[in-house]
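Subject: Handover of a structure and the findings from it

Dear colleague,

Please find below the structure that I am handing over to you. A summary of the findings follows it.

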Amino acid sequence: MRKILEISGASTLAEVFPKFELYMHGGVNFEPYRGQFQALFPDQNIQFRNSYNASEGFFASQHHQDEVGMQLLLNNDVFFEFMPLDQLGKSTAKVHTIEEVNLQEDYALVISSSAGLWRYLIGDTLQFTSLYPH
């Protein structure tokens, strides 16, 4: 973004993109960068939204800026299962479907996808903060 300022000769990105209003991010914690980003767009009311993406697909997105959690994308060619962390590594582990999850319980995420992954434990953990929407 600083290169854009250099090339354009503008002092802020707001001069280059005056109607910029949404920044989607994911994969890393955005908070350490928020101040730097806002300095590039002073006096603009930009919405920042987090997404939960991986090489296996897009799993969730933040629907409201004022909420920390993200909403699962349940109609996106990924079937989700949730393994309670105390079951991790057990050969007879109990795995839950979306209808069986509980609030504030730690789960390991298990996915199956139309791309050919079958009951793949991706290595991420999550907690539900809402049961509707999930």
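Please note at the outset that this is a predicted model. The cores, the pockets and some individual residues follow.

Aromatic pairs

The structure contains 16 aromatic pairs. Tyr 23 counts as partly exposed, at 25% relative accessibility, whereas Phe 37 has 5% and counts as buried. Phe 37 also forms an aromatic pair with Phe 30, which is edge-to-face, with 6.2 Å from centre to centre and 65° between the planes. Ring pairs join these residues into a cluster made up of Phe 17, Phe 20, Tyr 23, Phe 30, Phe 37, Phe 41 and Phe 48.

In soluble globular proteins, nonpolar side chains tend to be buried together. The largest nonpolar core here has 15 residues, and the members that touch the most others are Phe 59, Leu 72, Phe 80, Phe 82, Leu 109, Ile 111 and Phe 128. Two or more residues of this core come from each of strand E3 (57-61), strand E5 (78-84), strand E6 (107-113) and strand E7 (120-126). Phe 80 shows how such contacts are made: with residues up to four places away in sequence not counted, Phe 80 touches Phe 59, Leu 72, Leu 73, Leu 74, Leu 109, Val 110 and Ile 111. Another core, of ten residues, lies apart from the largest one and includes Leu 5, Ala 10, Leu 13 and Phe 48.

The largest pocket has a volume of about 510 Å³. Its lining consists of 19 residues, and those nearest its centre are Gly 69, Met 70, Gln 71, Gln 127 and Thr 129. Strand E4 (71-72) and E7 are the elements that give two or more residues to this lining, and E7 supplies the largest share, three residues. By type, the lining of the largest pocket comprises seven nonpolar, ten polar and two charged residues.

For the second largest pocket, the volume is about 340 Å³. This pocket is lined by 18 residues, of which His 25, Val 28, Asn 29, Asn 50 and Met 70 are the closest to its centre. The elements that contribute two or more residues to its lining are E1, H3 and strand E2 (47-54). The largest share of that lining, five residues, is from E2. Its residues divide into six nonpolar, nine polar and three charged.

Individual residues

Leu 74 is placed in the loop between E4 and E5, and its 45% relative accessibility makes it partly exposed. Neighbours within four places in sequence aside, Leu 74 is in contact with Phe 80, Ile 98 and His 134. Leu 74 and Ile 98 are 24 residues apart along the chain, and their C-alpha atoms are separated by 9.2 Å.

Trp 118 is in the loop between E6 and E7 and is exposed, with a relative accessible area of 70%. Leaving out neighbours within four places in sequence, the contacts of Trp 118 are with Ile 111 and Ser 112.

Backbone geometry

Most residues other than glycine have a negative phi, and most peptide bonds are trans. With that in mind, three places may be listed.

- The peptide bond from Tyr 132 to Pro 133 is cis, with omega near -5°, and Pro 133 is in the segment after E7.
- Gln 104, which is not a glycine, has a positive phi of about 55°. This residue is in the loop between E5 and E6 and counts as exposed at 51% relative accessibility.
- Arg 119, which is likewise not a glycine, has a positive phi of about 50°. Arg 119 is in the loop between E6 and E7 and is partly exposed, with a relative accessible area of 42%.

Yours sincerely

Conventions: Residues numbered from 1 in each chain as written. Predicted model: local features only at pLDDT ≥ 70, side-chain atom pairs only at ≥ 80, totals over all residues. Heavy atoms only, no water. Phe/Tyr/Trp six-rings, centres within 6.5 Å; stacked < 30°, edge-to-face > 60°. Buried < 20%, exposed > 50% of the residue type's maximum accessible area, 1.4 Å probe, protein only. Core = buried A, V, L, I, M, F, W, Y, C linked by side-chain atoms within 4.5 Å. Helix = DSSP H or I, 4+ residues; strand = E, 2+ residues; numbered from the N terminus. Contact = heavy atoms within 4.5 Å. 1 Å grid on protein atoms, 1.4 Å probe; cavity = no way out; pocket = protein on both sides within 12 Å on 5 of 7 lines; lining within 4 Å. Points joined across faces, edges and corners; volume = space filled by probe spheres on them. Nonpolar A, V, L, I, M, F, W, Y, C, P; charged D, E, K, R; others polar.
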